[in-house]
Amino acid sequence: QVQLVESGGGLVQAGGSLNLSCAASGRFFSINAMGWYRQAPGKQRELVATITSERNPDYANSAKGRFTISRDNAKNTVYLHMNNLKLEDTAVYYCSANIRVVTGLVRDYWGRGTQVTVSS
């Protein structure tokens, strides 16, 4: 019923930039908050950034000052612009969205992830 698909991951040199996108599709009534999470090898999934339906952002300390989250509500899409990438940013990046479907159910949905690899 609801699908989130990330795109834009890849290999980048340290100090470089990447832009991630995530589009929601399917049948739903509304999208509340959206966000980006990441999971590095051997570590638990962690929050990177979130953004409300009113476009108010919040960032993890590791992302603050380097990453920018934004969304286009007309396109049901959330973005993550990443600057000055570091080796420790290497992870699978997951998109999330809190969604109310047409049946009234509200829950968090997740994409399948996109790999970001930062090399020296």
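Strand S9, residues 91-100, is largely enclosed by the rest of the structure, because seven of its 10 residues are buried. The model is a predicted one. The chain holds 11 strands and zero helices, and S9 pairs with S4, with S10 and with S11.

**Strand S9 and its partners**

- S4, which covers residues 30-39, pairs with S9 in the antiparallel sense over eight bridges.
- Within that pairing, Ala-97 of S9 has Met-34 opposite it.
- S10, made of residues 106-110, runs antiparallel to S9 and is joined to it by five bridges.
- One of the residue pairs here is Asn-98 with its bridge partner Asp-108 in S10.
- S9 and S10 also make up a hairpin, with five residues lying between the two strands.
- Gly-104 sits in the turn of that hairpin and has a positive phi of about 100°.
- S11, residues 114-119, is antiparallel to S9 as well, and three bridges connect the two strands.
- Ala-91 has Val-116 as its bridge partner in S11.

**The chain as a whole**

- Along the principal axes, the C-alpha atoms fill a box of roughly 50 × 25 × 20 Å.
- Buried residues make up 38% of the 120 in the chain.
- Of the contacts between residues at least 6 apart in sequence, 55% link residues at least 24 apart.
- The chain has an accessible surface of about 6,600 Å², and carbon and sulfur atoms account for 47% of that area.
- There are 13 positive and 8 negative side chains, and 4 Å separates the centres of the two sets.

**Leu-80, a buried residue in S8**

- Leu-80 belongs to strand S8.
- Leu-80 counts as buried because its relative accessibility is 1%, and the cut-off for buried is under 20%.
- Beyond neighbours within four places in sequence, Leu-80 touches a set of residues that includes Leu-18, Leu-20, Trp-36, Val-48, Phe-67 and Ile-69.
- Tyr-93 is also among the contacts of Leu-80, and the range of S9, 91-100, takes in position 93.
- Gly-8 lies 72 residues from Leu-80 along the chain, yet the C-alpha atoms of the two are 9.5 Å apart.

- Most residues other than glycine have a negative phi.
- Asn-76 has a positive phi, near 50°.
- Asn-76 is placed in the loop that links S7 (67-72) to S8 (77-82).
- With a relative accessible area of 25%, Asn-76 is partly exposed.
- Asn-84 likewise has a positive phi, near 50°.
- The loop between S8 and S9 holds Asn-84.
- Asn-84 is partly exposed, and its relative accessible area is 42%.

Terms used:
Residues are numbered from 1 along each chain as its sequence is written. This is a predicted model: local features need pLDDT of at least 70, side-chain atom pairs count only at pLDDT 80 or more; totals for chains, interfaces and linings use all residues. Side-chain values use heavy atoms; hydrogens and water are left out. Buried means under 20% relative accessible area, exposed over 50%, partly exposed in between (1.4 Å probe, protein chains only). Helices (H or I, at least four residues) and strands (E, at least two) are DSSP runs, numbered from the N terminus. Two strands pair if DSSP finds at least two bridges between them. Contact means heavy atoms within 4.5 Å. Accessible areas come from the Shrake-Rupley method with a 1.4 Å probe; for residues, only the protein chains shown count as cover. Lys and Arg count as positive and Asp and Glu as negative; His and the chain ends are not counted. The place of a charge is taken as NZ of Lys, CZ of Arg, CG of Asp or CD of Glu.
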